[in-house]
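Below is a short note on the model you sent. The points can be checked one by one against the coordinates.

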Amino acid sequence: MRIYQPVRGVGGALRENSFVIIDDAGVEIGQGGLEYRVLKKMLADRPLDIEMTMSAHPMASDTLFGALFARAERIRDEQGGLPARLYTRCAIDDAQRHEYFTRMGFDDFDGEELFVLNVPQDMSARRRNYSPVGTKGIDVDLRTRTRREEFLLSLKEFGCVEHASEWLEERMKGPVFIARAMYYGSDFVGQMLVTGTQNEATLEMVCVEQKWRGRGVASALVDEALMQLSRQQVPYMTARAARRNASAMRFFKRSGFDWVRTEEYLLGRDI
């Protein structure tokens, strides 16, 4: 059995963060990789977010896990020793994967949570949340590829799943597309992205700069989206959040979203 770093990375991981294992006959029996993001604006207490993907034959699992875990620790050191969370996704019904990673010291306290909010048919019946005095909301200018990439990059800083400009262009063609930003003079305050179909909208991200949090910015942005969705007669809007993102969990519950289910475990351990 031999472990090595492949010519190309595994999945979305870079080559230096990827490993492949082959048996003595040269047959691949395991592969895995690490992707990481620094999310100081979303997860201030443990901002280094390292996701592990790993698939291996039982005889190769421990060797592959050891290599990936050691590489995760090096990534943490390369990032200046930032407090880190190493995690892997696990389907709710995947008992074998759950058992393996919990045996390796991962906990199952985190998960991706699905929320849904029924869009009011009559917005006058809903208590309106207004933006702070002096702030102004505008549609984000996404007419050029450069501006679309800048917008996606700014969302990434708050933890939005990384997408390419082509992904955004395709969503812009749909019946539901809302990209709004809020400013106080020239100072950026927050922004929101909503995409979807006539039957369902998705709140991809609503994010607010740290100094503006707790002042109703996110609630005002969501209400702007609900007004448009109500006019378009879109019945409901969904949203997702990692359970350990406590501020997002509180916001969705406070804003009238109903918790639906845990879609998958984010088995993890702090390193």
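1. Leucine 168 lies in helix H4, which spans residues 165-172. The model is a predicted one.

2. Is leucine 168 buried or exposed? Its relative accessibility is 0%, and because buried means under 20%, leucine 168 counts as buried.

3. Leaving aside residues up to four places away in sequence, leucine 168 is in contact with Leu142, Arg148, Phe151, Leu152, Phe177 and Leu193. Two elements bear on that list: helix H3 covers residues 145-156, and strand E8 covers 176-184.

4. Methionine 227 is 59 residues from leucine 168 along the chain, and their C-alpha atoms are 22 Å apart.

5. Helix H5 runs over residues 217-232, 16 residues in total. From first to last C-alpha it reaches 23 Å, close to the expected 22 Å at 1.5 Å a residue. Glutamine 233 follows H5 and has a positive phi, near 60°.

6. Which residues of H5 are buried? They are Val217, Ala218, Ser219, Ala220, Leu221, Val222, Asp223, Ala225, Leu226, Leu229 and Ser230. The cover over these buried residues includes strands E6 (111-118), E8 (176-184), E9 (187-196), E10 (201-208) and E11 (236-242), together with helix H6 (246-254).

7. On confidence, the protein chain has an average pLDDT of 94, and 100% of its residues score at least 70. The lowest confidence is in helix H3 (residues 145-156), with a mean of 91, and the highest is in strand E5 (residues 84-91), at 98.

Note on methods: Residues numbered from 1 in each chain as written. Predicted model: local features only at pLDDT ≥ 70, side-chain atom pairs only at ≥ 80, totals over all residues. Heavy atoms only, no water. pLDDT = per-residue confidence, 0-100. Helix = DSSP H or I, 4+ residues; strand = E, 2+ residues; numbered from the N terminus. Expected span 1.5 Å × (residues − 1). Buried < 20%, exposed > 50% of the residue type's maximum accessible area, 1.4 Å probe, protein only. Contact = heavy atoms within 4.5 Å.
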